[in-house]
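Please look at the sequence and the structure below, and follow the report with both in view.

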Amino acid sequence: MELTPRKKEILKVVIESYISTAEPVGSKAIAQQLSSKVSTATIRNELADLVEMGYLEQPHTSAGRVPSPKGYRLYVNELMEQRALSLQETEQINQALQMKMQELDGVISKAGQMAAALVNYPAYAMAGVKSELAIQRFDLLPVDEQSFIAVVMTEDSRVKSRLLRTELPVDAGSLTNLAALLNDQFTHIHVSEMSRRLMDLSGQMTAHAFVTLNVAVNYGIEVLEGSEKNRAVTAGANNILKLPEFRDADKAHELMSFMVENPENLPVPAEGSHMQILIGPENVNEALKDTSVVVASYDIGDNMRGLVGVVGPTRMDYATVAARLSYFAEGLTKMFGKQEKESLPPGPKEDTKE
């Protein structure tokens, strides 16, 4: 069965009407919005075809139609018109971006709150490394016979330190040599290579020296693995309660609990992708199967990227959410100095009549 231009136009009308009203759409309402005059009987036939093709669903025999995830996907990919932000919207976003956000954790939290306010849906924000980090430098400082302090600097200039204890006595005089070995053999390489090199050295050192080296290397690996985890926060989760799709308290509670308790498991865009839209079952996690997620990334610098995402019903206004989130993410990139001293992205100009 062919997806003709008329079927596409009818599908577009159904989706945009359902986004606006959250009510099934009937043939009479569709007829009033089509660009050419088409009888309601013809529209009903086209609707039946769209249901059979999987683009629409019919909740009840006598009710109108609602979009399916497949229908939404076609709409986002082909039928949705690019939405330009109004001057008021760009001013609102630019004003929000003027706030001072110094600490990274503060940036993440504020970005999530701002995104939720911009779209009136639950939102989340994350920050993480764009590629696998490595250690830039090790320092070892003696403390007592069975402990020392390891100081680790990663390639993104973060410094971590910890008091480490060993099962065998630590020779304070050998720590300088071990630090030199660490900096020669265990910096600027991936975690997997660090583990391999540690095994290679196990038979080439005294037991005392290897025990100390093993403890220091494993701490370095722990630092790197911790750095690679996304730091995530959610905001506006209670916006779910305003949506007719989540009037069921159990359904709303399940989604809210997932967002608040497992924000690190929310979707992230693929590496190199500025924006991604996931519709219904395209979301891997069961808690998100009845929602859609729009997520955009921005550049923090120092090999870090941030992202802001919005979770809403499958009937969300994709064009508006995508436009606002894209503009917001672009503004965050500029705020972090990716393009130094450049102004925020230009908004639309007001029409002037001469």
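Strand E4 and strand E5 (residues 147-154) run antiparallel and are joined by 8 bridges, where strands are DSSP runs of E with at least two residues, numbered from the N terminus, and two strands pair if DSSP finds at least two bridges between them. Within this pairing, Pro-142 has Phe-148 in E5 as its bridge partner. The model is a predicted one, in which local features need pLDDT of at least 70 and side-chain atom pairs count only at pLDDT 80 or more, while totals for chains, interfaces and linings use all residues. Residues are numbered from 1 along each chain as its sequence is written, and side-chain values use heavy atoms, with hydrogens and water left out.

The open sheet is formed by 3 strands in the order E4-E5-E6, with antiparallel pairing. Because E4 and E6 each have a single partner strand, they stand at the edges, and one side of each is left without a neighbour in the sheet.

| Edge strand | Residues |
|---|---|
| E4 | 135-144 |
| E6 | 159-165 |

Elsewhere, Ala-287 is found in the loop between strand E8 (275-279) and strand E9 (291-301). Is Ala-287 buried or exposed? Ala-287 counts as buried because its relative accessibility is 16%, and buried means under 20% relative accessible area, exposed over 50%, and partly exposed in between (1.4 Å probe, protein chains only). Leaving aside neighbours within four places in sequence, Ala-287 is in contact (heavy atoms within 4.5 Å) with Glu-254, Leu-255 and Phe-258. Ala-287 and Met-259, which are 28 residues apart in sequence, are 8.9 Å apart in space, C-alpha to C-alpha.

Key
Helices (H or I, at least four residues) and strands (E, at least two) are DSSP runs, numbered from the N terminus.
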